[in-house]
Amino acid sequence: MNGRRGPIMSPGMARLVVIIALLVIWEVGARLYADPLFLCPPSQAVVALPRIFSDPKIIHAIWVTIYEVFVAFVLSVSFGMTIGLIVGLQGFTKKAILPVILLLYSIPQATVLPLFILSFGIGPAAKIAFGLSHGIFPVIVTTVGGVQNLRPSLLTAARSMGANRWQIFTSIVFPHMIPSFFTGMRLGMTLVLLGVLLAELYVSTAGIGFYTRLFAESFAPPDLFALIAVLAAIAVTLNEICRMGERRFSRWHNG
Amino acid sequence: MKKPSRLAAHLVQLGILVAVLGAWYWATLPGGINHLLLPPPIPVFEGFWVLFTADSIWPDLLVTVREWVTAVLLASVSGCTLGYLISRSGYAVRVFDPLLAGLYSIPAILLFPLYLLFFGLGPGSKIAIGTTIAFFPIVLNTIAGLAYVDKAYITAARSMGASDFQLFWSVMLPAAFPVVLTGLRIGCIVAFLSILGGETISSLAGLGHRIVSLAENMETSRMFSNILFAVLIAIVINVIVTFAEARGRRGMQ
């Protein structure tokens, strides 16, 4: 266990090797055994990438999804934080309202998806509303959690030195909340993406979900995998941005 | 001082419930919202009881629950096994943990159209999506639990001459168990949610299928009764799983 011999390569390198090995297995397996109507080797998906990016309809679809995700995310974060702060800052509202919010959070939103379509139509509005319904809850819950971690001694100290409500908020509550804001944003982003895609897959006329379904139903796996890869890249990038913010702004907090 | 404030909190919660039901009733009075968008509450609750008699929901519930149980079993067995194997070496943890965490951030629901192709419209595609989505929290928590057991425990057990099996059974497992259990709880819940999502997108039977087909026929009142039922099932599953986690945690100590 404690052998002095180091591993042959760094973990990052080995991770790359694992990914390449999996792709090679997929490539060989798909070429030898798979029905080309259902599964394609990854090389064909790579070839399909430029084709996808030269189709203005698909570019438009990607922008529609990004737009829906962006609006739903901004709404989730602003409403979620406001509600979280209002509920979390008062002991009583937290005791009274938080269980109601947690109950709503545990409702499987997929079951109410048809309602969103009935009320908001099949356009982007329904996707934004559905994304918001997914994203707002983790933001509220992490914000309330962040308020909870506020050290009461800091508040007492500030009050005894004569700080008013606004000063307490800007110089104690707000800086203290930054790490949980970012955690909430990351969780919110993941769920907003899930909600928007779920709604697009259910019924839509544009967006990545619509084309994923179209490509699957028209037996075009190379296009399908290329599109999934594009979306995966977007998802990982968004996630990394939030994670970087989380790390960057919680550094002083732990130090 | 503690008791009255808890009572007041419950009163507020009751007040919210009454206000929501009241607003619902008021909004659906003649001249209010179109009943196709929001049906009045009383027929919805009447329709809820019909679910157990004339308009039997049991076959669809059975389909969904069977899909859920299968997906949870597949995800737990594969997730725990793979997590255990990876956690055996610190090097493997450093290689695979970020890889799995990165994959976890990709919305797996996009694979659902593909699963429809592979496994058909029936339960197969729902089991596949439920398993995929539940797998990641389970494997990541198994790794987190087993790989980060305090080294002092391991050294102590080793120096007292514990065998590999003893080390695993009496030191690693109890230390890692709470974290693994949390992974299993999250896995159970997300599997159920994604199976409902899959049934909503396209399916032949199940709770999600019922809701969607009622929505497509514009039978909103019956749809609301079914939504109410699905929400209750989700809450029941949530309570059972949370209870099982707390129980398992206590049983281990």
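In the predicted model, Arg213(A) is buried, with a relative accessible area of 18%, a value that falls under the 20% limit for burial. The side chain of Arg213(A) meets that of Glu217(A) in a salt bridge, with an N to O distance of 3.1 Å. Both residues belong to helix α9 of chain A (residues 208-217), and because Arg213(A) and Glu217(A) are four residues apart there, about one helical turn separates them. This pair was found in a structure for which a search over all chains gives eight salt bridges.

In chain B, a salt bridge joins the side chains of Arg210(B) and Asp60(B), at 3.2 Å from N to O. Arg210(B) is located in helix α9 (residues 207-216) of chain B, whereas Asp60(B) is located in helix α3 (residues 58-87) of that chain, so the pair ties together parts that lie 150 residues apart in sequence. Arg210(B) counts as buried at 10% relative accessibility, and Asp60(B) likewise counts as buried at 15%. A further salt bridge links Arg222(B) with Glu219(B), whose closest N and O atoms are 2.9 Å apart. Here Arg222(B) is partly exposed, with a relative accessible area of 35%, and Glu219(B) is also classed as partly exposed, at 30% relative accessibility.

Helix α5 was examined in each chain. In chain B, six of the eight residues of α5 (residues 112-119) are buried, so this helix is largely enclosed by the rest of the structure. The buried residues of α5(B) are Phe112(B), Pro113(B), Leu114(B), Tyr115(B), Leu116(B) and Leu117(B), and just after the helix Gly120(B) adopts a positive phi of about 85°. In α5(A), the residues Leu113(A), Pro114(A), Leu115(A), Phe116(A) and Ile117(A) are buried, and the helix is followed by Gly121(A), which has a positive phi near 80°.

The second largest pocket contains about 1300 Å³ of space. Its lining comprises 28 residues, of which Leu104(A), Ile107(A), Val20(B), Trp24(B) and Leu228(B) are the closest to the pocket centre. Two or more lining residues are contributed by each of α4 (91-105), α5 (113-120) and α6 (124-148) of chain A, and by each of α1 (2-27), α2 (41-50) and α10 (220-252) of chain B. By residue class, the lining of this pocket divides into 24 nonpolar and four polar residues, with no charged residue.

Although Ser170(B) and Ala128(B) are 42 residues apart in sequence, the separation between their C-alpha atoms in space is 35 Å.

Key
Residues numbered from 1 in each chain as written. Chains lettered and ligands numbered in written order. Predicted model: local features only at pLDDT ≥ 70, side-chain atom pairs only at ≥ 80, totals over all residues. Heavy atoms only, no water. 1 Å grid on protein atoms, 1.4 Å probe; cavity = no way out; pocket = protein on both sides within 12 Å on 5 of 7 lines; lining within 4 Å. Points joined across faces, edges and corners; volume = space filled by probe spheres on them. Nonpolar A, V, L, I, M, F, W, Y, C, P; charged D, E, K, R; others polar. Buried < 20%, exposed > 50% of the residue type's maximum accessible area, 1.4 Å probe, protein only. Salt bridge = Lys/Arg side-chain N within 4 Å of Asp/Glu carboxyl O.
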